[in-house]
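I opened my notebook to look up a few things in a structure and write down what I found. Come along and look with me.

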Amino acid sequence: MISSALIAVTNQKGGVGKTTTSVNLGAALAGLQETVLVIDMDPQANATAGLGFDQEQIEASIYDVLLKGADPEDAIEPTPVRNLYLLPSTRSLADATIELVPLMAREQILRNSLRTLDGQYSYILIDCPPSLGLLTVNALTAARYVLIPMQCEQYALDGLVELHRTIDMVRSALNPSLELLGVLLTMLDNRTRLSREVSEQVKDHFGPAVFRSSIPRRVRLAEAASYGEPIDVFDHMNRGAIAYRRLAEEVHSRLQSRKVIHQ
């Protein structure tokens with residue numbers, strides 16, 4: 001068992017803020033003087049780009065860890081944000097879904113690889129791809145907690161049955177200690193009726209699992225990603241940056257209270 005708080009950020013729907021959350025929550029946690037590793041498990045490599053890395057210049061990536069037995073420490077890169085590190089992705093990860101299929105214990109490769117990092121990071125955030133395939137199953141098998149971003153738009157709850165089924169399958173067959181850390185409302189715009197209604201639907205469905213913190217719809221979040229910077233660096237006083245700092249404090253508080261309960 002890895003002693004770091006290992007969190008899979010997942011939702012099979014695309015465009016819900018998984019990568020935005022992985023990058024900006026990671027930076028905000030690092031701002032709390034915590035040592036944080038972001039693992040980019042998405043072949044699109046958006047978290048890698050969002051932290052300022054050009055995948056064409058990357059020598060070792062998560063693909064090498066999963067398929068070539070590379071030591072993850074050899075692939076981890078320090079980011080310009082103090083205390084924040086990245087295990088990057090490249091397009092080659094797209095081949096992993098096929099190459100993993102014939103391997104023994106294919107769902108546990110990431111978990112076994114990360115054992116060498118035990119205790120080196122306070123938080124490890126895994127940015128999952130928008131699917132429930134082998135890459136996401138590897139992330140859920142390795143993780144201790146699941147964080148589900150949900151956008152405040154129509155059909156936000158669609159697909160949750162399938163996601164819950166996957167989480168339950170992983171919990172029963174591969175990772176019995178997997179827990180839901182929380183559900184994060186993203187792209188929230190309280191000026192619109194739809195956004196308010198979806199927010200209430202999600203809260204009715206998940207109850208106290210929904211974070212008090214939510215992420216507003218802000219153009220600056222997308223702009224920050226295009227410049228390869230977390231929003232806290234790009235525009236420290238933007239409402240999106242403030243929201244992620246609040247979320248970091250809430251995540252930290254939830255995990256501290258669970259440690260007490262687990263004792």
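This is a predicted model: local features need pLDDT of at least 70, side-chain atom pairs count only at pLDDT 80 or more; totals for chains, interfaces and linings use all residues.

Entry 1: I looked up the largest pocket and noted a volume of about 520 Å³. Helix 1 (18-31), helix 2 (46-50) and helix 10 (219-226) are the elements that each give two or more residues to its lining. I then asked which helix gives the largest share of the lining. It is helix 1, with six residues. In total, 29 residues line the pocket, and G17, K18, T19, T20 and M187 lie nearest its centre. I sorted the lining by type and got 13 nonpolar, eleven polar and five charged residues.

**Entry 2: M187.** I put M187 down as partly exposed because its relative accessibility is 22%, and buried would need under 20%.

**Entry 3: N83.** I found another positive phi here, near 75°, again in a residue other than glycine. N83 sits in the loop between strand 3 (77-78) and strand 4 (84-87). Is N83 buried or exposed? With a relative accessible area of 19%, N83 is buried, since the cut-off is under 20%.

**Entry 4: T136.** I went to helix 7 (residues 134-142) to find T136. Its relative accessible area is 0%, so I wrote it down as buried. Setting aside neighbours within four places in sequence, I listed T10, C128, P129 and S131 as the contacts of T136.

Technical notes. Residues are numbered from 1 along each chain as its sequence is written. Side-chain values use heavy atoms; hydrogens and water are left out. Helices (H or I, at least four residues) and strands (E, at least two) are DSSP runs, numbered from the N terminus. Buried means under 20% relative accessible area, exposed over 50%, partly exposed in between (1.4 Å probe, protein chains only). Contact means heavy atoms within 4.5 Å. On a 1 Å grid over the protein atoms alone, a cavity is a set of points where a 1.4 Å probe fits but cannot get out, and a pocket is an open set with protein on both sides within 12 Å along at least five of seven lines; lining residues have an atom within 4 Å of a point. Grid points are joined across faces, edges and corners, and a volume is the space filled by probe spheres set on the points. Ala, Val, Leu, Ile, Met, Phe, Trp, Tyr, Cys and Pro count as nonpolar, Asp, Glu, Lys and Arg as charged, and the others, Gly among them, as polar.
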